[in-house]
Amino acid sequence: KFIFVETFILDNGRMWDSILKVMIEKAKEGVDVRFIYDDFGAFTHMQPDYDQWLESQGIKTHVFNPLKPQLAMQMNNRDHRKIIVIDGKTAFTGGINIADEYVNMKKRFGYWKDMGIEVRGKAVEQFTISFLQIWNYQAARNTRYADYVLPDTEFRNPEQTGFVIPFFDAPTDENDTGKNMHMNMFNLANKYLWITTPYLVIDAEMIATIKLAAANRILVPGIPDKKMVYAVTRSNFEPLIRAGVRIYEYTPGFIHGKVCLSDDENALVGTVNMDSRSYYINYECGIWMRKTDCIREIKKMC
């Protein structure tokens, strides 16, 4: 019935070609296919009128926050979310953008390791609404949520245990949701706290919170994608290590996953990096889980 895709980075290559082929085929079949990509994440890769070409192929397309030659803080607000929604029943999110390095079809910083999650059922509703919020912000004609949100009767009672809570963050409100979700995860830890992040650019408050968490460890890239950010990341090692935090570098290459795990009971997977851009400037999203069966699989990946 519908396919919603939202991404930060869009680059030509085998990954995008394979996705695009399916999107065009589905659009021809009458499926409502919509696509949002961030202009900053695509402007060095895609031609300026690429959205118009996609429209000609039947894919309804919006370019988020088009870059303009002006001095405006809004130009700094980027759509860092990665979302796929299928028929309001299945959703995907995580660190994976649409470019060949994310699936190791192109080598840039050694072996690229990323992390994402699939969710099915009632929790998908929040991803549908989130996508349409961004869509309506730019659209000349408003799309009603009710036309795409499924009734409760469409979903069976879940067989798995626990709670799955999607969350979304935007720089246009006063809630630092992404940062607060991280802080909540850290404060919940009683036995252990594991963190995987590509960037560890944090303030004194966050450092103090991590120090207080029980038996914690952090995994960061061994090969950086941004040398200056990597230098700042490494500058935070010493105070954490002195407090007993174990920090590991992913030596095969670059780890881009954004995952937190504690006590075999709580997990967070999403798009939120541990830096000021994700916490205060970008549009972000993720899923917080408590006592779900998949936490065992997440632990294996960490």
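Q: How many residues does helix H4 have, and what does it reach from first C-alpha to last?
A: Helix H4 (residues 177-188) has twelve residues and reaches 16 Å from its first C-alpha to its last, close to the 16 Å expected at 1.5 Å a residue, where the expected span is 1.5 Å times one less than the number of residues. Helices (H or I, at least four residues) and strands (E, at least two) are DSSP runs, numbered from the N terminus.

Q: What kind of model is this, and how are residues numbered?
A: This is a predicted model, in which local features need pLDDT of at least 70 and side-chain atom pairs count only at pLDDT 80 or more, while totals for chains, interfaces and linings use all residues. Residues are numbered from 1 along each chain as its sequence is written, and side-chain values use heavy atoms, with hydrogens and water left out.

Q: Back to H4, which of its residues are buried?
A: The buried residues of H4 are Thr177, Gly178, Lys179, Met181, His182, Met183, Met185 and Phe186; buried means under 20% relative accessible area, exposed over 50%, and partly exposed in between (1.4 Å probe, protein chains only).

Q: What does lysine 179 form a salt bridge with?
A: Its partner is glutamate 205, with the closest N and O atoms 3.0 Å apart, a salt bridge being a side-chain nitrogen of Lys or Arg within 4 Å of a carboxyl oxygen of Asp or Glu. Because lysine 179 lies in helix H4 and glutamate 205 in helix H5 (residues 204-212), the pair ties together parts that are 26 residues apart in sequence. Lysine 179 is buried, with a relative accessible area of 7%, whereas glutamate 205 is partly exposed at 44%.

Q: How many salt bridges are there by that rule?
A: The count comes to 20. Among them, lysine 122 meets glutamate 125 (2.8 Å, N to O), and arginine 144 meets aspartate 147 (2.7 Å, N to O). Lysine 122 is partly exposed at 39% relative accessible area, while arginine 144 is exposed at 51%.

Q: Which residues are linked in a network of salt bridges?
A: Asp11, Glu101, Lys106 and Arg108 are linked in such a network.

Q: New topic: how many cavities of 30 Å³ or more does the structure hold?
A: The structure holds one, and about 30 Å³ of space lies in the largest cavity. On a 1 Å grid over the protein atoms alone, a cavity is a set of points where a 1.4 Å probe fits but cannot get out, and a pocket is an open set with protein on both sides within 12 Å along at least five of seven lines; lining residues have an atom within 4 Å of a point. Lys122 and Glu125 are included in the lining of the largest cavity.

Q: And what about the second largest pocket, how many residues line it?
A: The second largest pocket is lined by 35 residues, of which Phe8, Ile9, Phe40, Tyr199 and Lys226 lie nearest its centre, and about 740 Å³ of space lies in this pocket. Helix H6 (227-235) and helix H8 (276-281) each supply at least two residues of its lining.

Q: Last one: is serine 130 buried or exposed?
A: Serine 130, found in helix H3 (residues 124-138), counts as buried at 2% relative accessibility. Leaving aside its neighbours within four places in sequence, serine 130 is in contact (heavy atoms within 4.5 Å) with Arg81, Ile83 and Phe168.

Note on methods:
Points joined across faces, edges and corners; volume = space filled by probe spheres on them.
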